Amino acid sequence: MPDTDTDTGTGTGTGTGTEETDTEGLTVGQVSARLGVTVRALHHWDEIGLARPSLRTGAGYRLYTAADLERLHRVVVYRELGLGLDRIQAVLDDAGTDVPAALRTQRSQVAERVERLQRLGAGLDRMIEAHERGLLLTVEQQAAIFGADWDPEGPVKARQRYGDTLQWRQYAERSAARTPEEWQAVHDAVAALEGELASALDAGVAPGSPEANALVDRHRAVFATYFRLTREMQVCLARTYASDAGFAAHYDGVRPGLAAWFRTVVDASARAHGIDPDAATWR
């Protein structure tokens, strides 16, 4: 006999068009529309014995009685509360099931999910702010970590200049998860590296020497706390250190001539790795 989940008739074949009674029953299509449940779900619940229609028409169509509809209402409510189908069936059919205890357990799980979602929301807020601001530190924290001569508008200017780059996105995402203590560690690592570079310049370390190449590698590793720095990108960065007035003033303030010397050691290291410094691009 025919069996369909998309039938929307009354199931009695009366053709009256009146509201279905308990005796007449509701078809799968009608129950789907009334409860906001898909026909596929109703069919599945029927197959596993969770909520079966009690009647059939002479043509073989499923019909749900008022009692069936009441059970379906309870299934929908429990499902909305997050109970699995097996658990719902136990709540509905197992007389030994402690329903309040089951619901308390589910309530506890919901509370845990809410807490996780709240943490996720807070993390998303920080991520958005980091993408927009770059540095999630107060002006006072920035001064304490980076020094009194630090420009708190620096990250804002960097956002305006580099905000559409992959490197800015990497920087922002790492910044969003970084605490003031971690920023202090980053600053200390950069300061220590700059001191090592200055000492190497004073000692006459030659570009291309093992000592110079080790410092170049160390610079890339330290800089990776901001974003991934390839060797070609490092060449471009060292070029900027030497040519940009602001960067040059900073490095030459650490040690006169440091910006130009650092560019020569980076270029020498790049050549050793098959990179032409004059043709290097930001990639």
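I begin with α3 and α4, whose crossing is right-handed; a crossing is left-handed if the near helix is turned anticlockwise from the far one by less than a right angle, and right-handed if clockwise. The contact is made by R71, R74, V75, Y78 and R79 of α3 together with I88, V91, L92 and D93 of α4, where contact means heavy atoms within 4.5 Å. By class, these residues divide into five nonpolar, no polar and four charged. Here Ala, Val, Leu, Ile, Met, Phe, Trp, Tyr, Cys and Pro count as nonpolar, Asp, Glu, Lys and Arg as charged, and the others, Gly among them, as polar.

The model is predicted: local features need pLDDT of at least 70 and side-chain atom pairs count only at pLDDT 80 or more, while totals for chains, interfaces and linings use all residues. Residues are numbered from 1 along each chain as its sequence is written, and side-chain values use heavy atoms, with hydrogens and water left out.

To return to the geometry, helix α3 covers residues 66-80 and helix α4 residues 85-93, and their axes come within 10 Å and cross at roughly 135°. Helices (H or I, at least four residues) are DSSP runs, numbered from the N terminus. Axes are lines fitted to C-alpha atoms, for helices over the stretch in contact, and angles run from 0 to 180 degrees between N-to-C directions. α3 and α4 are therefore oblique to each other; angles under 35 degrees count as roughly parallel, over 145 as roughly antiparallel, 65 to 115 as roughly perpendicular and the rest as oblique.

Next, consider helix α9 (residues 180-202) and α10. Their axes come within 10 Å and cross at roughly 165°, which makes α9 roughly antiparallel to α10. This crossing of α9 and α10 is left-handed. From α9, A189, V190, A192, L193, E196, L197 and A200 meet L215, R218, H219 and V222 of α10. The contact of α9 with α10 has eight nonpolar, one polar and two charged residues.

Helix α10 also holds R220. Apart from neighbours within four places in sequence, R220 is in contact with L229, T230, R231 and Q234. The C-alpha atoms of R220 and Q234 are separated by 7.2 Å, although the two residues are 14 apart along the chain.

Y171 lies in helix α8 and Y226 in the loop between α10 (210-223) and α11 (231-243), so the pair ties together parts that are 55 residues apart in sequence. Both Y171 and Y226 are buried. For F223 and F227, the ring centres are 5.3 Å apart and the planes stand at 80°, so that pair is edge-to-face. Both F223 and F227 are buried. Ring pairs link F146, W150, W168, Y171, W183, F223, Y226, F227 and W282 into a cluster.

Terms used. Helix = DSSP H or I, 4+ residues; strand = E, 2+ residues; numbered from the N terminus. Buried < 20%, exposed > 50% of the residue type's maximum accessible area, 1.4 Å probe, protein only. Phe/Tyr/Trp six-rings, centres within 6.5 Å; stacked < 30°, edge-to-face > 60°.
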